[in-house]
Amino acid sequence: MLLSFKTKNYKSIRDEIILDLEATGLSDRKEELLPYANSYYLPVTAIYGKNGGGKSNVIRAFWLAVQFILNAQRTQYEGAEVPVSPFELNDFSRNEPTEFEFEYVSDDIKYWYGFAATRQEIVKEYLYWAPKKQKAEIFVRDYQKFHFPANKEKKIKEMIKNAVARNQLYFSVSSVMNYKPCILAMQWFRKQVFFSRDYSDIGENIISHSEDKEMLQSIINIAKIADVGIDDMTFEVNNTDLTNLDDLPESFTVEERKEIERALAEFQKKISLDIEGGGIFQLNELKAISYHKGIDKNGASQAYTLGLDDESDGTRKLMSRAAAIEETLRIGGVLVIDEIENRLHPLLVEYIINRFQKQQNHNAQLIFTTHSMDIMRRNLLRRDQFYFVDKGSGNGVTELYSLADFSIRKEESIDKSYILGKFGAIPYIEEE
């Protein structure tokens, strides 16, 4: 469960922003909140703001930090830049570090992990945990100086630090070097954080879950629930090991063959593999058929088939997200979506929100950006579940703040107050 996320000096975010998921003392919808220790946390968080206000930068900061944590030990070869993007609209922030911090719970243990980095190096890094409900240090880093608590594991951590380059994370390196506390802390990032952008290809999702009947059924179910006309679906995945390009099926076009040949040549260059000398690669073919009700010439109801490519973009997007939604709910992770309403009907957006808002004991969470006034109008969320981003006048700095920071009457229409500018985060349109 994510408790909070902080970032500073990333793109339009100059000053520290905090996405705090701890619920306030509001009395409504308490049964939908997620309990932990003596507090409650939000299952769903919506982020609003004008175009260019920085909503997507909040999501990008979250995504970038997670990807770097997961891959730093592989991508950060000697001299490689740390992929941070500091605030550029002044003459000093570009030389200051970008900062990230996650406070989260994994297997009922609370963790605090954060790091700060310039493009050249990691400036600071730290990991704390509370396995016995008391906050305890695992490691603290200041540039290449490391501090470890004096215990039986100190020698192991001292040894690991020698393998950590100035542009790498100790957290990432120690996890692949089998240091158990870091491995436990890393599980949340590896298994419980999902981004909708990683589920954009429905065909790839089906292939990757081809052995998971429950997941495939969930994709079918969400298509049926959405009332897009699909009555049922069947999937057939054929995995074929190929030794060379001559084994490709005849259905592949000349251009497709050339594209595969270029990709293999690039792959061969990187790993010095002789493809023609017996190297094997795998071809995954998906045959997905959807069944739609139709009427024959005699007026009788019949089932007619369509291929996946014949479905609308909105249907494909919904089905792509189905895998992310089901996987997140199943294991109690956090799903992050940029522009949840993109190509989806408001009722489908409501359905997705309610899957998380009304879950039973899974502790799954949904964080999304949106422009949808309909979500406000339908009273789908508590007031503390709405966040706003806005840019300061004249300085281009993104600020993040909660609707709970405002004094609002319980009967007040949030959507009307928002569109009237009471909470900021709307465009100022000056007509000539």
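In the predicted model, the buried residues (under 20% relative accessible area, with exposed meaning over 50% and partly exposed in between, for a 1.4 Å probe and protein chains only) of helix α6 are M215, L216, S218, I219, I220, I222 and A223. Helices (H or I, at least four residues) and strands (E, at least two) are DSSP runs numbered from the N terminus. Helix α6 covers residues 213-225, 13 residues in total, and spans 18 Å from its first C-alpha to its last, close to the 18 Å expected at 1.5 Å a residue; the expected span is 1.5 Å times one less than the number of residues. This is a predicted model, in which local features need pLDDT of at least 70 and side-chain atom pairs count only at pLDDT 80 or more, while totals for chains, interfaces and linings use all residues. Residues are numbered from 1 along each chain as its sequence is written, and side-chain values use heavy atoms, with hydrogens and water left out.

E326 belongs to helix α8, residues 313-331, and is buried at a relative accessible area of 17%.

Strand β5 (residues 44-49) is mostly covered, with 6 of its 6 residues buried. In a regular strand the side chains alternate between the two faces of the sheet. On one side of β5 lie V44, A46 and Y48, on the other T45, I47 and G49, and all are buried. Strands pair if DSSP finds at least two bridges between them. Strand β5 runs parallel to β16 (residues 365-369), joined by 4 bridges, and pairs in the parallel sense with β17 (residues 386-391) over 4 bridges. The bridge partner of I47 in β16 is T369, and in β17 I47 stands opposite Y387.

The structure holds 31 aromatic pairs, counted for rings of Phe, Tyr and Trp (its six-membered ring) with centres within 6.5 Å; planes under 30 degrees apart are stacked, over 60 edge-to-face, and the rest tilted. The rings of Y48 and F386 have centres 5.8 Å apart and planes at 50°, so the pair is tilted. This pair links distant parts of the chain, Y48 in β5 and F386 in β17, 338 residues apart. Both Y48 and F386 are buried. The rings of Y104 and Y111, with centres 5.3 Å apart and planes at 20°, are stacked. Y104 is buried at 0% relative accessible area, and Y111 at 1%.
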